[in-house]
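Please open the model in your viewer and keep the selection panel at hand.

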Amino acid sequence: MAEDAVLGFLEKNEEISDSGDFAAERGINHNDIVDIIKSLHGFRLVDAQDIKREKWVLTDEGKTYAAAGSPEVQLFLAIPPEGISREELQRKVDPSVYKIGCSQAMKNKWVEMGKQLVSKKVQNVDDKVKDLLIRIQDGKAIDQDDIDTLKKRKLIAPQIWKGYSVKKGPNDAPKRKKVATDLTRENLQRGDWKELEFKEYNFSAKGQPTEGGHLHPLLKVRQQLKMIFLQMGFEEMPTDNFVESSFWNFDALFQPQQHPARDSHDTFFLQAPSTTKTLPEDYVERVKRVHEFGGYGSRGYGYDWKREEANKNLLQTHTTAVSSRMLYLLAQYFSIDRVFRNEAVDRTHLAEFHQIEGLVCDRGLTLGDLIGVLLYFHPLFSGMSKLRFKPAYNPYTEPSVEIFSYHEGFKKWVEIGNSGMFRPEMLLPMGLPEDVRVIAWGLSLERPTMILYGIDNIRDLFGHKVQLYLLSICDLLINTVFDVNWIAFFCHLVLQVDLGLIKRNPICRIGID
Ligand code: PHE
């Protein structure tokens, strides 16, 4: 019916100037007309031009006032001629009507809010707001000033109306011919294929999107990061326990027992088993001493170190816990594992996320080596944007450096990691020689992945809100950003450094035997 109406009209007239008016005059639903116009346009039976109009509609609050009257009039009508106490008036009307009504009625100079009594200053009032709202509801025009007032009070909101103006197209016809999309056995038997008009092939049509079987972007980025580490000669640390003792998560890292990060607001402590059973006693003793009295040139923190605090079990709050365990054994390591922090979840924070941790141990390492190694990850980060380094503080590193990358979506720099050189107060109790330096870093896995894929809400990437659709579009992107051969080329030829050498260098094994 809608199609006949459009084609029939265009047969006798030049143009349908407004699909909205056209639909209204004929009592046809405008959406039906729009669907038909789009389809006729596709077959070039008609030419269509967009028409956009801004119109005003009532918000939910506006609708209630259009029905029940504005709050200022409701409030006014609730005041008896002799006046009323504030408490009683409050009891008579809705809390929101009271609040908004009082301020508007005062502004209009309709009422006086005395210390004792609320009383009327005028006899009668008109409900202009209600009248205006009803006019808008009925699609009638109102003054710009009135629109501004209602808009400011959030009683109306703009809505874009979309329609078309329509003219005859190049394939204009009074009726649409049904074109055949398939040549069937029956067509051939009947011989009617000779008269049939076939639909043209659309060679630029997209195929069906493939369903299922996608790797999650976090897994892909994680895999690529592993490749970078392994090519640099790192060995992966065993990250097989989310549950860690406070000793390895904090104390071994020279993190004082009063440090705010240990607070239950930031750390998930375990109820059962609440404490660890075994710790290396002689090392514990040295850690206690360096916290209490310092040593190795440090003054320590000068407090009573408590074994019970160190024994408390928790969910690892950073992968540096694993690093401290492994450093105790000494090598060049990396890990990628899940960590837990008792944080409010928002667009860039989760209470459970992943850290990419790495450490290198050698004589003569400097801050330059740290930044240099971080730039090894640059093929990954440069797909997104530049890196920035900023001085920071960690109890266990000095100097400490935060790593930032630019997020095009947020239009700001976001922190993607933290790093530093482990302090002697942490290393020397482990028994490392004094001249051995350790550079280490912990990067977020989620933040760079977000930047890389232009995802602006971390919850779209990790957790129950992840859409299969997102994973499938990520498939298309990944290969252009990561070219493992290119990374290998970058590492070995351009920088002329092979950190694998450090690993094979006997100096790096000091302290192991
Ligand atoms: N543990 C730090 C964090 O969670 C990261 C880090 C690792 C910093 C190693 C310095 C050295 O933010």
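Helices (H or I, at least four residues) and strands (E, at least two) are DSSP runs numbered from the N terminus. This is a predicted model, in which local features need pLDDT of at least 70 and side-chain atom pairs count only at pLDDT 80 or more, while totals for chains, interfaces and linings use all residues. Residues are numbered from 1 along each chain as its sequence is written, and side-chain values use heavy atoms, leaving out hydrogens and water.

Next, show the side chains of His30, Ile33, Val34, Ile36, Ile37 and Leu40, which are buried in α3, that is, under 20% relative accessible area with a 1.4 Å probe and protein chains only, where exposed means over 50% and partly exposed lies in between. Looking down the axis of α3, you will find its buried residues within an arc of 165 degrees, so they line one face of the helix; the arc is taken from the directions from the helix axis to the C-beta atoms.

Just after α3, select arginine 44, which takes a positive phi of about 60 degrees.

Finally, select cysteine 102, which counts as buried at 9% relative accessibility, and cysteine 361, which counts as buried at 3%. A search of the whole structure finds zero disulfides, a disulfide being a pair of cysteine sulfur atoms within 2.5 Å.
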